Amino acid sequence: MARVAGSKDLSKRRTKSNKPVEIQDLNLNFATSPTVWEFLKDDSFVRGLMGPVGSGKSYACAAEIMLRALQQPVSPLDNIRHSRFAIVRNSYPELRTTTIKTWLEIFDESTWGPMRWSPPLTHHIQLPPKGNLAGLDMEVIFLALDTPKDVRKLLSLELTGAWVNEARELPKAVIDGLTHRVGRYPTKAHGGCNHRFIIMDTNPMDDDHWWHRLAEKEKMAGKYPWKFYKQPGGVKEVDANYDDAIFAAGKYWAMNEKAENIPNLTQGYYEQMLSGKNLDWISCYAQGKYTFVQEGRAVWQEYSDVLMSDDIEFLPEYPLQIGLDFGLTPAAVFGQRLENGRWHILHELVTFDMGLERFTTQMKIEINKMFPKAKDIQIWGDPAGSKRDEIFEVTAFDHLKTQGMNARPTVSNDFKVRREAGAMPMNRLINGKSGLIVNKTCSSLRKSLSGGYFFKREAIGSGQERFKDVPFKNNFSHIGDAFGYLMLGGGEHRILTRKNAKFGTQQQTIAKVEFNVF
Ligand SMILES: Nc1ncnc2c1ncn2[C@@H]1O[C@H](COP(=O)(O)OP(=O)(O)OP(=O)(O)O)[C@@H](O)[C@H]1O
Ligand SMILES: [Mg+2]
């Protein structure tokens, strides 16, 4: 394909100077975005950029990919700069409608060559050498991490660098896994890779998210610390008598003069988005502050944190039951089913790192520490954990067994069955109190049940919307799934099938696996 008309070597434009530059060839301007500019100038191995909506985060990351490609060494074999990048998003619909859309706004197919729309979705940009200007060969692979198979694919790529878009939706394990996939392309024969990197951009998240922990609480030390940048808000809170103050969610707001990327946005962009929004939404998306925002429709609308959370303790006369969610970031929920049918959820274990081995060790430590008097321990997990085809090469159940833990697969892993099993005790009233009580200390599970685990809204045209059938995968989905497996394995499925059998509506998937009953 033809070299972009009038293009020069863009890499020369990347300067160490503190003065923000205009990248004319891409029509990008960072003069009004000092935080973005600092982020772009930083050579740290792993870097994150957080800010309100529309603050230019994704454009900056897309530009960085191109700039780094243009800085790769020229191959002595063919006079071309070779590079390969992964651009990662939590799910395929978001990847397609947001991430790729942004990429193609900057690198449109008519100028930079066509996208390959079959998997793996790739934009292969090739510019042949011209005169004394070296050529460019960059592969940009777009990946959504909907299934363990996609994760495995990502973690087997040989890359130059990677961009994780909307990083708050992904477990830290993905970034950890990527750290050893970057810097591996091109080969030495083609000049090697001179700069390996992972960049991440995101809207704000909850303050118990891994990003918040690393950016604010436990900043990394050492030679290669991860760096985190936070952009100023688009709006600020003001007094009622402030000129042109806007009233929304019970407070007064005005444009923040420090907001970035404003000249590149339509006039009144932030002010206009305030009406009809609740305070959490404004705080997260317009102010760019760490906030938990309830989006979509909660998976368990039956849950009420006021009625169903309390301070509770382990009762040694009942078995300890544990629900497990395997996968990228394993999670466990510990509970007891009392004689009267009430569930006490006592403890949770949420991990941020990949690895069943570490998880199992941690689980044993937690059991010994929290429940030393537990005699009868019953563990339940996703039947998919019986298959070798997971991220881990050994089956999850086999691994647990070698560690002395007898875990059993639940009879079904149908999401709907799991959801219903979880809803059963919430709908149960025992002696005037709910059939489910969650210990106040289980903060992740309580957030998950309160709507952190949710069905996403989906526009269906003419202003109408509906909710998707499958829940949105995020930081709260794993602990929610572990809860579902606990309910399913711990007795609710029996009640559910009895109830449904009466109406003849039950649909279930029976796991075709052998398991140990102990
Ligand atoms: N450096 C830039 N130069 C020119 N225009 C820009 C630049 N950065 C962003 N824009 C414009 O601002 C808009 C918003 O930018 P972008 O999509 O990068 O924001 P974002 O921070 O990723 O938003 P969101 O939080 O919604 O994902 C873009 O659609 C583009 O029109
Ligand atoms: Mg974006």
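Over the ring of which residue does the charged end of Arg 47 sit, and how do aromatic rings pair elsewhere in the structure?

Reply: The charged end of Arg 47 sits over the ring of Phe 39, at 5.2 Å from the centre of that ring. The structure is a predicted model, and every value given here is computed from it.

Turning to pairs of rings, a search of the whole structure finds 20 aromatic pairs. In one of them, the ring centres of Trp 103 and Phe 142 are 6.0 Å apart and the planes stand at 70°, so this pair is edge-to-face, since an angle over 60 degrees counts as such. The two residues come from distant parts of the chain: Trp 103 belongs to helix α3 (residues 92-106) and Phe 142 to strand β7 (residues 135-144), 39 residues apart. Trp 103 has 0% relative accessibility and therefore counts as buried; Phe 142, at 2%, counts as buried too.

Another pair is formed by Trp 281 and Tyr 285, whose ring centres are 4.9 Å apart; because their planes meet at 40°, the pair is tilted. Both residues lie in helix α9 (residues 279-286), 4 residues apart, which is about one turn of the helix. Tyr 285 has 7% relative accessibility and so counts as buried.

Finally, ring pairs can join several residues: Trp 300, Phe 415, Tyr 453, Phe 455 and Phe 483 are linked in this way into a cluster.

Note on methods:
Residues numbered from 1 in each chain as written. Chains lettered and ligands numbered in written order. Predicted model: local features only at pLDDT ≥ 70, side-chain atom pairs only at ≥ 80, totals over all residues. Heavy atoms only, no water. Phe/Tyr/Trp six-rings, centres within 6.5 Å; stacked < 30°, edge-to-face > 60°. Buried < 20%, exposed > 50% of the residue type's maximum accessible area, 1.4 Å probe, protein only. Lys NZ or Arg CZ within 6 Å of the ring centre and 35° of its normal.
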